[in-house]
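Here is a short briefing on one protein model. Please keep the sequence and the 3D view at hand while reading.

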Amino acid sequence: MPDYPIFDGHNDTLLRLYKNKDLSYKDFLTEMEDGHIDLPRSKKGGFAGGFFAIFVPNQQMTIKPGSKPNSKLPKPLKLEYAQQTAMAMASSLFKLEAESDGQIKVVRTADELQHCIDNDIFATIFHFEGAEAIDEDLYALDVFYQAGLRSLGIVWSRPTIFGNGVPFLFPSSPDTGDGLTDAGKRLVKRCNELGIMLDLSHMNEKGFWDVAKLSDAPLVATHSNVHALSATPRNLTDKQLDAIKASDGMVGLNFATGFLREDGKWDSDTPLETMVKHIDYLVERVGENRVGFGSDYDGAGVPADVSDVSKLPNLIDALKGAGYGDTLLKKITHENWIRVLRKTWKS
Ligand code: ZN
């Protein structure tokens, strides 16, 4: 077992495997030249797993990690298309688990997650980034929950029947539109009842405060940074960070260079010190039990020094160099995620 197994708040690996015609989900089990995550490179870098996002792309969307995201909000998706695509991606996650010879597990409880991390089993959480595959009566939510869905971002950067996400503008406040709809409010309550974690990354500010008011679970942003250090609406204002702290929630550091840098540029030539600065700020503002990683691997352009999971020890070394000791590194790399999920999930 690595000294600091890294469990991570967000990746788009399922999307990469789904979108790339030359790849099958099985390629995850072998070392690939491209992309950020596969099983062999995870073992090299001490990457113990993470939230595996089911993200339904716009039908015309091209995904090129490293390229600047489009600043215009796309149109809402149709339920049938979203559901079909989500099924295909979820199916590849479960097939991956089934064909991994016990090396990969889709975890449903905090004990299962802890067991995987203690025993070098790659742990994945079935997570939706955007609730477009769920109907307004929430029937599909119950079915997805039974299948293993344990985390849900109500919106990606796109309007839905539940709420609105932030556009990729820079600089901008996250206060970019209306909050939750009535269906969105019902969705929050039902997720609380089932013990599905709600992810606030991509949510606009009004929606954030609606969730903060309604939800009885800790507030979590799986892959967002500090707005005071990089003024994209994808990042969290001090007021939002204070609400996350008050709820005993958590923030996962996003490695996307455009959300780390003060100038908002998408540039892989971004030093690890910039990441450390965000971690320093988060630890100071929300406390050392409420900070982790949320890499956005396979979904965004990241600094060259952490260009794929095998390079994660570079980030650990940078944190050690900045004075982070054993106890705090354990918290940031995995313990805090287990803590917040134990509080949120019903088992
Ligand atoms: Zn995202």
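Pro171 sits in the loop between strand S5 (151-153) and helix H6 (182-194). Phe170 and Pro171 are joined by a cis peptide bond, with omega about -10°. The model is predicted.

**Zinc site**
- Glu129 (OE), His202 (NE2) and His223 (NE2) are the protein donors of the zinc ion, at 2.1 to 2.2 Å from it.
- Along the chain, the donors of the zinc ion are spaced as E-x72-H-x20-H.
- His202 and His223 are 21 residues apart and link distant parts of the chain. His202 belongs to the loop between strand S6 (197-199) and helix H7 (205-214). His223 belongs to the loop between strand S7 (220-221) and helix H8 (238-246).
- Both His202 and His223 are buried.

**Positive phi values**
- His202 is not a glycine, yet its phi is positive, at about 80°. Its relative accessibility is 4%, so His202 counts as buried.
- Asp248, also not a glycine, has a positive phi near 60°. Asp248 is in the loop between H8 and strand S8 (250-253). The cut-off for buried is under 20% relative accessible area; Asp248, at 18%, therefore counts as buried.

**Packing of H10 and H11**
- Helix H10 (residues 272-286) and helix H11 (residues 312-321) have axes that come within 10 Å and cross at roughly 60°.
- H10 and H11 are therefore oblique to each other. The crossing of H10 past H11 is right-handed.
- From H10, Leu272, Met275, Val276 and Ile279 meet Asn314, Leu315, Ala318 and Leu319 of H11. The residues of this contact comprise seven nonpolar, one polar and no charged.

Conventions:
Residues numbered from 1 in each chain as written. Predicted model: local features only at pLDDT ≥ 70, side-chain atom pairs only at ≥ 80, totals over all residues. Heavy atoms only, no water. Donors = N, O, S within 2.8 Å, 3.2 Å for Na, K, Ca; no water. Helix = DSSP H or I, 4+ residues; strand = E, 2+ residues; numbered from the N terminus. Buried < 20%, exposed > 50% of the residue type's maximum accessible area, 1.4 Å probe, protein only. Axes fitted to C-alpha atoms, helices over the stretch in contact; angles between N-to-C directions. Parallel < 35°, antiparallel > 145°, perpendicular 65-115°, else oblique. Left-handed = near helix turned anticlockwise from the far one by under 90°. Contact = heavy atoms within 4.5 Å. Nonpolar A, V, L, I, M, F, W, Y, C, P; charged D, E, K, R; others polar.
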